[in-house]
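Here are my notes on the model, as numbered points. Keep the viewer open while you read.

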Amino acid sequence: MKYKSQKVAYWFFALCMLLFTLQIVYGFIMGFARIGMDGLHDFIPFNTARAVHTNLLVVWLLTGFMGAAYYIIPEEAQTELVSVKWAYVQLVSLAVVGVVAIVGYHFNYWEGRKFLEIPRELDYLVVVNVLLFLGLILATLYKGKRRTTTALVLTMGLVFAALLYLPGMIWFDSQVTDSFFRWWVVHLWVEGVWELIMGGILAYLLIKLTGVDREVIEKWLYVIVGLTFLSGILGTGHHYYYIGVNKIWLVVGGIFSALEPLAFLAMALFAMYMYRKGEKSHPNKIALFWTIGASIVSFIGAGLLGFAHTLPQTNIYTHGTLVTAMHGHYAFWGAYAMIVLAIISYALPNMTGRKRYNFDAGHYAFWLANIGMLGMTVAFGVAGVAQVYLERIMKLDFMDVQNEISIHFIVLLLSATMFATGIVLYIIEFAKHGQPTDEALNMVEE
Amino acid sequence: MLSKSQARTFFLGGTLVTFLVFIALTVYSFQPKNDQTNHDKIDAKVIRGKEIFEANNCMGCHTIMGEGGYYAPELTKVIDRRGEAFVKTVLQSPVPWGSRGRKMVKYEMNDVDADAMVAYLKWIGELDLNGFDRVVSPLSKD
């Protein structure tokens with residue numbers, strides 16, 4: 001750690017751990033409900049559990065991205081953050097808005113729009129919060145001694161993510177128009193600007209962990225984010241196939257979303273090539289595992305599994321089934337959760353001065369979480385394909401099909417238990433690092 | 001060999017061009033002549049139905065136009081499949097509806113709200129969904 005103000009990132013990462021834990025708890029509530037164990041229905045019905053589960057995911061990932069920015073930007077700009085006090089204000093207000101939203105979901109205080117359930121009043125507070133965050137980051141970059149491509153790509157991703165939140169706040173009388181612009185937020189976030197953020201964090205980690213020349217890494221970063229937008233923007237069309245808009249999206253969405261795996265493939269090849277090319281052997285192998293792992297799993301989850309059902313001819317049958325849940329889980333895990341866990345694993349020893357680089361628990365955490373998530377993805381996939389066949393082809397009734405496939409949710413719960421064990425180990429390791437200290441300033445980083 | 005400035009140009013140029021095409025296609029999609037939704041049939045009842053649908057996060061369990069929670073049945077053609085009376089009975093049930101083993105939240109809607117929901121679901125049922133409506137329609141069984 002080179003700058004005192006980087007310590008603020010620790011508390012964002014700590015909030016991530018808390019929200020991630022809660023997200024998993026609500027995931028279990030949903031999993032058990034699917035096998036008929038819905039004893040909590042009167043207090044936490046499925047729609048509440050789902051809104052909490054998905055919104056906590058979004059909030060903890062955004063919190064992680066913010067923490068990453070507070071850690072990376074001072075180092076890249078070679079200056080202290082403009083105001084640590086305001087960064088803490090931003091953190092606390094973010095946590096308060098998140099908690100109010102989550103509690104509110106239990107009392108029907110929501111908008112009922114998938115992924116964007118946060119009620120309108122809280123939307124305005126989110127906007128103020130994000131503006132404060134961006135103000136701090138941009139001001140730090142402005143007064144900084146240098147402006148690197150890594151910092152610019154990361155910041156561009158964060159600015160676009162904030163701008164793209166706005167179309168989701170417009171009210172439409174038509175469900176079709178509503179869905180259309182909801183995807184401007186959700187798709188253009190996860191298959192657009194969030195990839196910029198992921199690319200920025202990945203480039204930073206590769207520079208630090210492999211020692212490859214910054215110019216080489218940043219050149220390829222431009223190519224990757226270029227591919228992301230080239231395919232991802234018009235790839236939004238794959239959400240428009242069957243929601244009541246023009247057939248032109250079948251063609252445009254089909255072609256461009258089929259190209260979307262290219263950006264993830266490029267990212268995976270880029271990370272592996274830089275790792276092989278690098279002459280530096282950084283001792284923080286856990287961070288390296290999460291970094292390279294993120295690039296590979298995101299290609300499989302977001303790229304390949306997305307491609308598996310993105311063509312209109314396939315999607316007409318898989319649209320609205322558990323096949324989407326299969327892709328969603330592995331894509332979010334690989335592309336975003338793992339990169340946040342990677343930057344935490346890298347930054348934590350530097351902020352606390354405790355170099356717990358290669359403890360067994362860290363490796364167990366990585367493998368248990370990854371194998372568990374793979375098992376969950378397979379369970380969702382098998383259930384989804386069976387659902388498509390029975391419901392969409394054989395025309396069986398929805399609930400008859402759900403009863404037939406419920407066995408796969410037992411596999412899902414077993415895999416989720418393995419996944420949760422991995423995450424608990426990760427959080428224990430997080431706690432064992434202790435809190436950040438000024439003594440870690442300028443500590444020699446291998 | 002590709003230089004860094006060429007890579008930057010590829011990124012900025014590609015982004016700008018595809019974004020402009022995206023905006024143009026969006027404008028094209030919402031021209032009245034391309035409407036597939038019977039937009040002029042959206043009346044106060046349909047709008048009220050949409051408000052109720054959102055206020056109760058029905059999408060958190062059900063799917064509509066294929067979007068939602070995958071926990072409860074698709075609602076796109078529900079009026080065709082089940083009929084108005086059945087849908088109203090479910091919405092007005094004084095106990096959590098769960099005849100097939102999966103419980104729904106108890107809404108106990110009054111007649112006005114239940115009628116608004118039916119109007120909304122009827123409007124949804126008449127959308128041209130580029131073939132998906134046939135996949136989830138009872139007619140597709142033939």
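1. Of the contacts in chain B between residues at least 6 apart in sequence, 57% join residues at least 24 apart. Keep in mind that this is a predicted model. For chain A, residues 24 or more positions apart make up 83% of the contacts with a separation of 6 or more.

2. Next, the make-up of chain B. You will find six helices and two strands, and along the sequence they follow the pattern α-α-β-β-α-α-α-α. Chain B has a radius of gyration of 21 Å, while the globule rule gives 14 Å for 142 residues, so chain B is more spread out than a compact globule. Its C-alpha atoms fill a box of roughly 70 × 35 × 35 Å along the principal axes. As for burial, 38% of the 142 residues count as buried.

3. Chain A has another make-up. A compact globule of 446 residues would have a radius of gyration near 22 Å, and the 21 Å of chain A agrees with that. The C-alpha atoms of chain A fill a box of roughly 65 × 45 × 45 Å along the principal axes. Buried residues make up 58% of the 446 residues in chain A.

4. Now the contact between the chains. Chain B brings 56 residues to it and chain A brings 53 residues. On the chain B side, the elements that give two or more residues are α1 (4-29), α2 (44-55), β1 (63-64), β2 (67-68) and α6 (132-135). The largest share, 14 residues, comes from α1(B). Sorted by class, the side of chain B that touches chain A has 27 nonpolar, 18 polar and 11 charged residues.

5. Have a closer look at α1(B). This helix has 26 residues and reaches 37 Å from its first C-alpha to its last, close to the 38 Å expected at 1.5 Å a residue. Which residues of α1(B) are buried? They are B:Ala7, B:Phe11, B:Thr15, B:Leu25 and B:Ser29. An α-helix has 3.6 residues a turn, so residues three or four places apart point the same way. What covers the buried residues of α1(B) includes α7 (214-235) and α8 (248-277) of chain A.

6. The nonpolar core is worth a stop. The largest one has 188 residues, and A:Ile339 and A:Ile343 touch the most other members. Helix α11 of chain A, residues 322-352, gives the largest share of this core, 21 residues. The core also draws at least three residues from each of domain 1 and domain 2 of chain B. In soluble globular proteins, nonpolar side chains tend to be buried together. Leaving aside neighbours within four places in sequence, A:Ile339 is in contact with A:Met198, A:Ile201, A:Leu202 and A:Ala294.

7. Two backbone spots to check. Most residues other than glycine have a negative phi. B:Met65 is not a glycine, yet its phi is positive, about 55 degrees. B:Met65 lies in the loop between β1 and β2 of chain B and counts as buried because it has 23 C-beta neighbours inside 10 Å. B:Asn130, also not a glycine, has a positive phi of about 55 degrees. B:Asn130 is in the loop between α5 (111-125) and α6 of chain B, and with 20 C-beta neighbours inside 10 Å it counts as buried.

8. Last, B:Ala44. B:Ala44 and B:Tyr120 are 76 residues apart in sequence but 9.8 Å apart in space, C-alpha to C-alpha.

Terms used: Residues are numbered from 1 along each chain as its sequence is written. Chains are lettered from A and ligands numbered from 1 in the order in which they are written. This is a predicted model: local features need pLDDT of at least 70, side-chain atom pairs count only at pLDDT 80 or more; totals for chains, interfaces and linings use all residues. Two residues are in contact if their C-beta atoms, placed from the backbone, lie within 7 Å. Helices (H or I, at least four residues) and strands (E, at least two) are DSSP runs, numbered from the N terminus. Ala, Val, Leu, Ile, Met, Phe, Trp, Tyr, Cys and Pro count as nonpolar, Asp, Glu, Lys and Arg as charged, and the others, Gly among them, as polar. A nonpolar core is a set of buried Ala, Val, Leu, Ile, Met, Phe, Trp, Tyr and Cys residues joined through C-beta atoms within 7 Å. A residue is buried if 20 or more other C-beta atoms lie within 10 Å of its own, exposed if 12 or fewer, and partly exposed in between; C-beta atoms are placed from the backbone. Domain bounds come from an automatic or database domain assignment. The radius of gyration is taken over C-alpha atoms; the globule rule is 2.2 Å times the number of residues to the power 0.38. The expected span of a helix is 1.5 Å times one less than its number of residues.
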